[in-house]
Amino acid sequence: MELTLATAEKQVLEELVKLVQSRDLRGENGNWKEFLLAYDKNAESPNDPSRRSHEELVQFLTTFKKKEDLQVLKCHANHLLLEKLKQESEDEDTPEQRLVRLTVEHPNYALDYSFKPYSEDWFVSDVGMKMSKVIKSTNMVAVDCEMVLCEDGTEGLVRVGVVDRDLKVILDEFVKPDKPVVDYRTDITGITAEDIENATLSVADIQETLQPFLSTGTILVGHSLNRDLEVLKIDHPKVIDTALVFKYSNTRKLRRPSLNNLCKSILGYEVRKTGVPHDCVHDAEAAMKLALAVVEKRVDTTIKPSIEMLEVEKAKLFLHKIPNNVPSEELDQVLSGKFTLDVKQAKTEGRYYCAFVVFDSSEDADQAFENVDGIQMTDSLGLPQKVVIVKRSSGSRASIYVRKMVQDE
């Protein structure tokens, strides 16, 4: 930690001291003011971190030895790194940095990559405290994991695959779960109890293997990488998540493409055959190939949905802004035809919820939308929708929006 702090930029150190002050954290020599009193006997010396030297800031911060305190400091430094990235001009981005930017600026990033609170067995990268040349490193490694369901309802790591930029396998190891397993998900993972019976590696061992890459500023690449980092118990700010980087045209902005659909659309092959278990090394290779397609071949990150996907989406309608006082049982009157209702309760407290309406075919969905008696308009993305007035069994009325999932041809 001492060497890392010594190479950190002074502005980062100042912000770390301010964080320590705001949380009233105490190192081995007390808090910031107590440290200064012992370090500098001049009563009129300034407490403002920006008016203290680089050496003084380092000396104070190195008095923090507890792992939980160090995690807080490193996490905040990594946060500052991402904020700095967002403030820099996009014109100065390398192709790799552009993909990191697309990941961290995605609306779902903050939720997906918020791993707090940490426990003792988490590894938090210290790259935010490094020199600029380390922070701007364009080295990349791709990661993918296989997980099983543990007795306490959490997911346990059982296999990890890591490849470098040249698709050379860096790591392909089975991992011993630290909790009893209730479901190996063999049809998905391809892993059985026998496969990990002789495994000796732990999550900590995998963290130790990856640590040299993380500390030198290497970018981690993956598809829905947050799930892998969650089970690896690793927090690293420089990530490229292909599930957030790529987006579909002609569909809802935040819909995430699957790894298989991206491979079919961009790489021209299926990484996952129907009925065949996953292979984490193949999935890591696929994520790296997708990143390299953008970096080296300038592939557009906005892709056209496959015909198969469009057909699935066309066979759906979306009901939204449904008032919470309208029970889902009363939604049948909104649409005609044979369909299945998939109700999605609100993620946060509010006045509305939503539901997907799934029909047997796109023709059935189109006909049902046509039969809706309501005012037709378009939503913010130009998708056709209608406002319907529903008469409730109680006698009151409520308005509901009915929207298509894709734009009309």
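What follows is a set of questions and answers on how the labels were assigned.

Modeller: This is a predicted model: local features need pLDDT of at least 70, side-chain atom pairs count only at pLDDT 80 or more, and totals for chains, interfaces and linings use all residues. Residues are numbered from 1 along each chain as its sequence is written, and side-chain values use heavy atoms, with hydrogens and water left out.

Colleague: Why is Phe115 called buried?

Modeller: Buried means under 20% relative accessible area, exposed means over 50%, and partly exposed is in between (1.4 Å probe, protein chains only). Phe115 has 4% relative accessibility, so it counts as buried. Trp122 is buried too, with a relative accessible area of 6%.

Colleague: What makes Phe115 and Trp122 a tilted pair?

Modeller: Rings of Phe, Tyr and Trp (its six-membered ring) pair if their centres lie within 6.5 Å; planes under 30 degrees apart count as stacked, over 60 as edge-to-face and the rest as tilted. Phe115 and Trp122 are 5.3 Å centre to centre, with 35° between the planes. The rings of Tyr118 and Trp122 have centres 5.5 Å apart and planes at 55°, so that pair is tilted as well. A search of the whole structure finds 11 aromatic pairs.

Colleague: How do you know that Lys233 and Asp121 form a salt bridge?

Modeller: A salt bridge is a side-chain nitrogen of Lys or Arg within 4 Å of a carboxyl oxygen of Asp or Glu. For Lys233 and Asp121 the closest N and O atoms are 2.6 Å apart. Lys233 lies in the loop between helix 11 and strand 7, and Asp121 in the loop between helix 7 and strand 1, so the pair ties together parts that are 112 residues apart in sequence. Helices (H or I, at least four residues) and strands (E, at least two) are DSSP runs, numbered from the N terminus.

Colleague: What makes Glu83 and Lys86 a salt bridge, and where do they lie?

Modeller: Their N to O distance is 3.7 Å. Both are in helix 5 (residues 67-87), 3 residues apart, about one turn of the helix. Glu83 has 28% relative accessibility, so it counts as partly exposed. Lys86, at 36%, is partly exposed as well.

Colleague: Why does Glu146 have no salt bridge?

Modeller: The nearest side chain of opposite charge, Arg159, is 5.5 Å away. Lys and Arg count as positive and Asp and Glu as negative; His and the chain ends are not counted. Glu146 is buried and has its place in strand 2 (residues 140-150).

Colleague: How do you know that Lys321 lies over the face of Tyr401?

Modeller: A charge sits over a ring if NZ of Lys or CZ of Arg is within 6 Å of the ring centre and within 35 degrees of the ring normal. Lys321 is at 4.8 Å from the ring centre of Tyr401. The charged end of Lys74 sits over the ring of Phe123, 5.8 Å from its centre.

Colleague: Why is strand 15 called largely enclosed?

Modeller: 6 of the 8 residues of strand 15 (residues 384-391) are buried, so the rest of the structure largely encloses it.

Colleague: What makes strand 15 and strand 16 a pair?

Modeller: Two strands pair if DSSP finds at least two bridges between them. Strand 15 and strand 16 (residues 397-404) are antiparallel over 7 bridges. Strand 14 (residues 375-378) and strand 15 are also antiparallel, over 4 bridges.
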